[in-house]
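Please have the sequence and the 3D view open as you read.

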Amino acid sequence: MTSIKKNPDAEILINSGCAHCPGVVAGLTQLVKEGRLGRLHIINVGEQPAEARARGARGVPWTRIGPFTLEGSYTPGELRSWAERAASGAGMGQYFAELLENQQLEQALQLVRDTPDLLQLLVDMEGDLDTPMGVRIGIGAMFEHLAEEHRLEPALPLLRELTHAPESQVRADAAYYIGLLGPEIAHAHLQGLLADENQEVREIAAEALQP
């Protein structure tokens, strides 16, 4: 049986005095006409400010396309790309990258709090040296916050796999993140890295084992 692809819905928060809102509304409306969006909900927060507070929106235009929240002005082409990603179920990696490149750390963290399974994607991105350095640093900051909130431990099996990666930088990073989970967990999973061929890996593993 052939599955029917469901195009995402979208909503946008606007304000009457917003210079960029009309362009984003026009771009989203065109996507509805093209059948790339199922429907579009437009809310004027000047008339309904509670709607902005409920969504944590700090300004307008504020747009949601499927699972993706976009703050600020976006071109029609960018909106179309996000609609296509939402329809395909792909694009979450690009979304995290955009959030972190734009220093929207809290928004990225809230995604993981709401959907812990996204940790797997983040560990995969962190373990891929083709991921831009700025994004990898952002993911590292997310892991530090999640460890403080006791939300990082579900990623332990994935991080343990990275300790066997061929790239020493990936092994070193994995040792550091496992160390964030506490010396008991580090002792159980990082002993082998004390004999790693790379000095940095050995040092990070040894530091993680300190009580």
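This is a predicted model: local features need pLDDT of at least 70, side-chain atom pairs count only at pLDDT 80 or more; totals for chains, interfaces and linings use all residues.

Residues are numbered from 1 along each chain as its sequence is written, and side-chain values use heavy atoms, with hydrogens and water left out.

Let's begin with the helices. Two packed helices are described by the angle between their axes and the distance between the axes. Here helices (H or I, at least four residues) and strands (E, at least two) are DSSP runs, numbered from the N terminus. Axes are lines fitted to C-alpha atoms, for helices over the stretch in contact, and angles run from 0 to 180 degrees between N-to-C directions. Angles under 35 degrees count as roughly parallel, over 145 as roughly antiparallel, 65 to 115 as roughly perpendicular and the rest as oblique.

How do helix 5 and helix 7 pack? Helix 5 (residues 105-114) lies with its axis 10 Å from that of helix 7 (residues 133-148), at an angle of about 60°, and the two are therefore oblique to each other. Their crossing is right-handed; a crossing is left-handed if the near helix is turned anticlockwise from the far one by less than a right angle, and right-handed if clockwise. On the helix 5 side, Leu105, Ala108, Leu109 and Val112 meet Gly138, Ala141, Met142, His145 and Leu146 of helix 7, where contact means heavy atoms within 4.5 Å. These contact residues comprise seven nonpolar, two polar and no charged. In this grouping, Ala, Val, Leu, Ile, Met, Phe, Trp, Tyr, Cys and Pro count as nonpolar, Asp, Glu, Lys and Arg as charged, and the others, Gly among them, as polar.

Helix 7 also packs against helix 6, with axes 9 Å apart and an angle of about 135°. That makes helix 6 oblique to helix 7, and this crossing is left-handed. Among the residues in the contact are Leu119, Leu122 and Val123 of helix 6 and Ile139, Met142 and Phe143 of helix 7. By class, the contact has nine nonpolar, one polar and two charged residues.

Helix 6 (residues 118-126) has a further partner in helix 4: their axes come within 11 Å and cross at roughly 70°. The two are therefore roughly perpendicular to each other. Met92, Gly93 and Phe96 of helix 4 touch Leu118, Leu121, Leu122 and Met125 of helix 6.

Now for the empty space. Rolling a probe the size of a water molecule over the atoms shows where empty space is left. On a 1 Å grid over the protein atoms alone, a cavity is a set of points where a 1.4 Å probe fits but cannot get out, and a pocket is an open set with protein on both sides within 12 Å along at least five of seven lines; lining residues have an atom within 4 Å of a point. Grid points are joined across faces, edges and corners, and a volume is the space filled by probe spheres set on the points.

The structure holds one cavity of 30 Å³ or more, and the largest cavity has about 40 Å³ of space. Its lining includes Thr69, Tyr74, Tyr95 and Gln107. Strand 4 (68-71) and helix 4 (92-101) are the elements that give two or more residues to this lining.

The largest pocket has a volume of about 360 Å³. Of its 18 lining residues, Thr69, Glu106, Gln107, Gln110 and Leu111 are the closest to its centre. Which element gives the most to this lining? Helix 5 does, with six residues. The pocket lining has five nonpolar, seven polar and six charged residues.

Two backbone details remain. The peptide bond from valine 60 to proline 61 is cis, with omega near -5°, and proline 61 sits in the loop between helix 2 (49-55) and strand 3. Glutamine 103, in the loop between helix 4 and helix 5, has phi near 60°, a positive value in a residue other than glycine.
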